[in-house]
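Work through the exercises below with the sequence and the structure at hand. Each task is followed by its solution in steps.

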Amino acid sequence: MRQSTPGWQAPPGATDTHMHIYTDGYPVAASAIGPRPNGDVPDYLAKRAALGLSRCVVVQPTHYGTDNACTLAAMAAFGRSEEHT
């Protein structure tokens, strides 16, 4: 994922209100349309920092169907990362 820094910063406490995490190793649902995009936790945290966002709402992507394992793992990783930022 190409990272760039915008010419602005979000206000303190700004929240990304809808984002997905896609991580290799989790099975894609048979109902998924198109290839699974790339976008793991480290990529997202880098983009979030570049935008000046401090919080996010993690949304289950349809590529994983009803298997929430990737989303739950991402949420756990965000919890750990928040303790150290």
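This is a predicted model: local features need pLDDT of at least 70, side-chain atom pairs count only at pLDDT 80 or more; totals for chains, interfaces and linings use all residues.

**Exercise 1.** State how many helices and strands the chain has, and in what order the elements run.

Solution. Count the elements: the chain has two helices and two strands. Then read from the N terminus, which gives the order β-α-β-α.

**Exercise 2.** Describe the burial, the surface and the contacts of the chain.

Solution. Begin with burial: 28% of the 85 residues count as buried. Next take the surface, where the chain exposes about 5500 Å²; carbon and sulfur atoms supply 59% of that area. Last, take the contacts with a separation of 6 or more: residues 24 or more positions apart account for 76% of them.

**Exercise 3.** Classify Cys56 and Cys70 as buried, partly exposed or exposed, and give the number of disulfides.

Solution. The cut-off for buried is under 20% relative accessible area. Cys56 has 22% and is therefore partly exposed. Cys70 has 2%, so Cys70 is buried. With sulfur atoms required to lie within 2.5 Å, the count of disulfides is zero.

**Exercise 4.** Find the largest nonpolar core and state which elements contribute two or more residues to it.

Solution. The largest nonpolar core has 11 residues: Met19, Ile21, Tyr22, Val41, Tyr44, Val58, Tyr64, Cys70, Ala74, Ala77 and Phe78. Two or more residues come from each of α1 (41-51) and α2 (69-82). The most come from α2, which gives four residues.

**Exercise 5.** List the contacts of Met19, leaving aside neighbours within four places in sequence.

Solution. Met19 is in contact with Tyr44, Cys56, Val57, Val58, Val59 and Phe78.

Technical notes
Residues are numbered from 1 along each chain as its sequence is written. Side-chain values use heavy atoms; hydrogens and water are left out. Buried means under 20% relative accessible area, exposed over 50%, partly exposed in between (1.4 Å probe, protein chains only). Contact means heavy atoms within 4.5 Å. Accessible areas come from the Shrake-Rupley method with a 1.4 Å probe; for residues, only the protein chains shown count as cover. A nonpolar core is a set of buried Ala, Val, Leu, Ile, Met, Phe, Trp, Tyr and Cys residues joined through side-chain atoms within 4.5 Å.
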